[in-house]
Amino acid sequence: MKKSVRIAAMALAGIMSISLFAGCGANNSSGSSASNSSTATSSPAKDKKIKIGLSLPTQQEERWVRDKATMEEAAKKAGVEIAVQVANMDAAKQDSQVENLISQGIDVLILAPHDAKAAASTVDKAHKAGIKVIAYDRLVMGTDVDVYLSFDNVKVGELQGKWLTEHLDKGNIVWLAGSPTDNNATLFKQGAAKYLQPKIDSGDYKVVMEQPVVDWKPDNALKLMENALTANNNNVQGVLAPNDGTAGGCIQALAAQGLAGKVPITGQDSELSAAKRIVEGTQGMTVFKDTRKLGEAAIDAAIKMAKGEDPGADQKVNNEKMDVPSILLAAEAVDKTNIDKILIDSGYLKKEDVYSK
Ligand code: BGC
């Protein structure tokens, strides 16, 4: 922590905690901040306003825009400060942005790494500065991580694989995976393999292309799909696309050959554009991962960790260095049979947006 704890800031924090305490009847469920400040014995240092650093890999996909907005909102509600940096899919940039956050005196770092392995040294820098780290959505590999907060990502892959096998009995498939630098991509693929591998082994499925999509870029997926279609004279019957962005790229390539809607294809993230494609029939499914819940859980865990409390991570995920205490939220498969119930009734997407042309 920075030594430069300013008297003025402490006084301000004191005033804020008093006003928070006074106003705690006003329906604020983040009453924990009030109870923290209500103990007569609490030291002035403890009453300093908590500052969270948030480092995100990108804002180019809808889900990460939502994650950012949710965390900013949750931090505001809880009366804590949040400083946000976006790395634009650049590991070196993410590292220097985190150095900057560390120098701003953050208490806890929430880090969604662009590169799971490269981020290990970034995490180590935070730890050297006495800052606890939450690996957000994506695990950091090969170093000590305090908490991993994500969805059950193997399950996400299982939902994709299961859906594909339920909608394609036999045929040639294109099996794309997420970015090789993202540990989630490995987990999604592991999950999907539980369903695809038996079909491959039995000869029902022939994999005509199996490739990762570098940086999860829709353009890269488009090119891979074009290549797969060209190399096989359009003889492709199914596509495992790892997320909605890459599904969008693949569907563009299928559409150019008049095949959109004829080839079952998966996705994940419940982006608005994917929901629209499900309704129009060009994308088969997506996976709903409620980023609102994930973002809120991250801020909640960060505040607890800043106060030295237990964030309640009761699961374990190995990152090749340790079993990382983890909190994993559930994910659900969405297709045209349940899209209204899961995405619209939950308020995640608006009916008028999903059904507008
Ligand atoms: C996330 C997905 C996302 C992908 C690309 C993964 O780590 O879990 O939700 O689609 O990154 O940003």
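Colleague: Which order do the strands of the open sheet take, and how many form it?

Modeller: In this predicted model, 3 strands make up an open sheet, ordered 7-6-8 with parallel pairing; strands here are DSSP runs of E with at least two residues, helices are runs of H or I with at least four, both numbered from the N terminus, and two strands pair if DSSP finds at least two bridges between them. Strand 7 (205-212) and strand 8 (238-240) are the edge strands, each pairing on one side only, and from one strand to the next the twist averages 20°. Residues are numbered from 1 along each chain as its sequence is written, and side-chain values use heavy atoms, without hydrogens and water. Local features need pLDDT of at least 70 and side-chain atom pairs 80 or more, whereas totals for chains, interfaces and linings use all residues.

Colleague: How many bridges join strand 6 to strand 8, and which helix packs on the sheet?

Modeller: Strand 6 (residues 171-177) runs parallel to strand 8 and is joined to it by 3 bridges, with Trp175 standing opposite Leu240 of strand 8. Helix 7 (residues 183-201) packs on this sheet and touches strand 6, strand 7 and strand 8, its direction making about 160° with that of strand 6; touching means heavy atoms within 4.5 Å, and angles run from 0 to 180 degrees between N-to-C directions of axes fitted to C-alpha atoms, for helices over the stretch in contact.

Colleague: How should I read an aromatic pair, and how many does the structure hold?

Modeller: A pair of aromatic rings is described by the distance of the centres and the angle of the planes. Rings of Phe, Tyr and Trp (its six-membered ring) pair if their centres lie within 6.5 Å, and planes under 30 degrees apart count as stacked, over 60 as edge-to-face and the rest as tilted. The structure holds 2 such pairs; in one of them, the ring centres of Phe188 and Trp216 are 6.1 Å apart with planes at 70°, so this pair is edge-to-face. Because Phe188 belongs to helix 7 and Trp216 to the loop between strand 7 and helix 8 (218-231), the pair ties together parts 28 residues apart in sequence.

Colleague: Which residues come nearest to the ligand?

Modeller: Among the 13 residues around the ligand (a heavy atom within 4 Å), Glu61, Asp137, Arg138, Asp182 and Asp269 come nearest. A polar side-chain atom of Asp137 is 2.7 Å from a ligand oxygen atom, while a side-chain N or O atom of Asp182 lies 2.5 Å from an oxygen atom of the ligand.

Conventions. A polar contact is a pair of N or O atoms within 3.5 Å; within protein, one must be able to donate a hydrogen and the other to accept it, and residues adjacent in sequence count only if both atoms are side-chain atoms.
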